[in-house]
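Here are my notes after a pass through the model. Have it open while you read.

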There are 2 protein chains.
Amino acid sequence: MTLRRPETLTTAVATYIRDAIVQGDLAPGQRLPEVTLAAQLETSRGTVREALRTLADSGLVQVEPRRGAFVSQLSVRATWEITSMRALLEPYAARLALEAAGSDPGLHAEVRAAFDVLKAAVTSENPDPVAVADADVAFHRSVFARCGHEMLLSQLETLQALSRRIVLTNQISSADAPTLVAQHAPIADAVELRDPELLESAVRTHVIEAGELLMTRMAPLEPTRTKRATPTTFSLGRWPSGASPHPRGTAARPARR
Amino acid sequence: MTLRRPETLTTAVATYIRDAIVQGDLAPGQRLPEVTLAAQLETSRGTVREALRTLADSGLVQVEPRRGAFVSQLSVRATWEITSMRALLEPYAARLALEAAGSDPGLHAEVRAAFDVLKAAVTSENPDPVAVADADVAFHRSVFARCGHEMLLSQLETLQALSRRIVLTNQISSADAPTLVAQHAPIADAVELRDPELLESAVRTHVIEAGELLMTRMAPLEPTRTKRATPTTFSLGRWPSGASPHPRGTAARPARR
DNA sequence: TGCTGCTCGATTGTCGGACAGTAAGTCATT
DNA sequence: AATGACTTACTGTCCGACAATCGAGCAGCA
């Protein structure tokens, strides 16, 4: 496998591995030995090492001292954390973007375009999960990309990458197509109406609902990790600016082979 | 200088440098040459390098390809980003912590204790800025530490470190003592009353007000970076769940010597 | 004087090799 | 089946090296 060279070799390696993970080529929990990767990518161990640390900070990879790096696990708990984080940040980012856009129709055009792509991907007779996931990511990004808040933006991109993985590893999209479109529509509408309040709540609602869907979908599958059986039925809720209690569980870690 | 050895040498180096930065021993914009640090800390370049990357991800250090690492600058713009981020996250974290605590008085006890320490630090006849900053950090942490949300927590700790630097480099605290105490009191009260809503808004209000204070304080000092003079008077605002426009500016980067 | 281009020193990016220490896995023991 | 010694696979860390790049100072020129 050959690599591009954007800035430094390390970043190239990082994006390569990131893509492999997000794309699902590397399964959750899988080991990522430095030597192996270095050999595969024809670079040195140090470079790979650096890339892995970078990815660790974005949560895609988990590094345990003296044990090495793994593709991070996607527990229900982690999903809750990611979802609540997005529910907190994304509405605000969307609002900033909308307000920054002012009367410029560019934003709306982009969002609408992304929405159409998404709709097309979802309603095709044989929807490709990856394509759907890509379209979903692109849609969201189109909404908040122009927020003009670097920290927020990078944070959201990271969270999206995580979300995307969860979606892909829990075959969604086939049965949920209508839901998906239905959930995104209000966002596009709010952008068109240039109503920040409406947009915020539309985004928040969508993020939370999508998260809940994921969590209910994956909860039954989650292997029990603790002796005292964690209730497999999760009480959802306690989202940002929302209802009441919230799920608790132990963060997953890769099984020690 | 000798180092402890918590987990790995790299983390030791990272925390060492982090402390030096947060403590103000290393000025914003200062270069951090790998070789020099390696020599000082009696480790290898690789180890230092890794530590620097880690710090870069938390925003304390800025790495520019082929130019090296610098202590990151603290522009008004950055302050805005940090503040808005905290305004988004911290209230929610506080609420989670409060709800997790339930009827357990432990949380309130801790918060109250931290508040007392803070009050003592502020009202001493000759307040030590570092002590005040420490107390402030400790107070906030006591409020949200038990939120049970790892991602949120680590995020907040990072943001706190950044905030703390800004506070210390803009001599606050002497004249602002009363304000400081006044702002924190409602938070402690809300915890005592076990009122999540109240707590959320108290935290949000405080974070925003503190941020605004900082920004007005530093705005006049900020050197102009662009030809087209950025207005030195910043229109504050557009905070999470709040009013309208928000400041724009160019993120600072260290001057190329 | 002010601007342009070249040379040189300081550092980073990346490589390869090396070695001890540790986590896991295996296998023989009790 | 539980225990403990042995083996293997990696990681953590160090060293030395070299090309590429950045930035600064200097020389040349308009």
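How much area do chain A and chain B bury between them, and what share of it is on carbon and sulfur atoms?

1. About 3200 Å², with 53% of it on carbon and sulfur atoms. Keep in mind that this is a predicted model. In terms of residues, 39 from chain A are in contact with 40 from chain B.

2. On to the polar side of that interface. Four salt bridges are counted between chain A and chain B. One of them pairs the side chains of R49(B) and E50(A), at 2.8 Å from N to O. The rule also picks out 14 residue pairs in polar contact across the interface.

3. Who supplies chain A's side? The elements giving two or more residues there are α3 (45-57), α4 (76-101) and α7 (150-168) of chain A. The top contributor is α4(A), with 13 residues. By type, the side of chain A that touches chain B splits into 17 nonpolar, eight polar and 14 charged residues.

4. Now the core. The largest nonpolar core has 138 residues, and L89(A), L199(A), L89(B) and L199(B) touch the most other members. Setting aside neighbours within four places in sequence, L199(A) has contacts that include L98(A), V143(A), I187(A) and V191(A).

5. Beyond neighbours within four places in sequence, T10(B) is in contact with T47(B), E50(B) and A51(B). In chain A, the α1 helix includes A12(A), also buried, at 5%.

Note on methods. Residues are numbered from 1 along each chain as its sequence is written. Chains are lettered from A and ligands numbered from 1 in the order in which they are written. This is a predicted model: local features need pLDDT of at least 70, side-chain atom pairs count only at pLDDT 80 or more; totals for chains, interfaces and linings use all residues. Side-chain values use heavy atoms; hydrogens and water are left out. Contact means heavy atoms within 4.5 Å. Helices (H or I, at least four residues) and strands (E, at least two) are DSSP runs, numbered from the N terminus. Buried means under 20% relative accessible area, exposed over 50%, partly exposed in between (1.4 Å probe, protein chains only). A nonpolar core is a set of buried Ala, Val, Leu, Ile, Met, Phe, Trp, Tyr and Cys residues joined through side-chain atoms within 4.5 Å. Buried area is the accessible area (1.4 Å probe) that two parts lose on being put together, summed over both. A polar contact is a pair of N or O atoms within 3.5 Å; within protein, one must be able to donate a hydrogen and the other to accept it, and residues adjacent in sequence count only if both atoms are side-chain atoms. Ala, Val, Leu, Ile, Met, Phe, Trp, Tyr, Cys and Pro count as nonpolar, Asp, Glu, Lys and Arg as charged, and the others, Gly among them, as polar.
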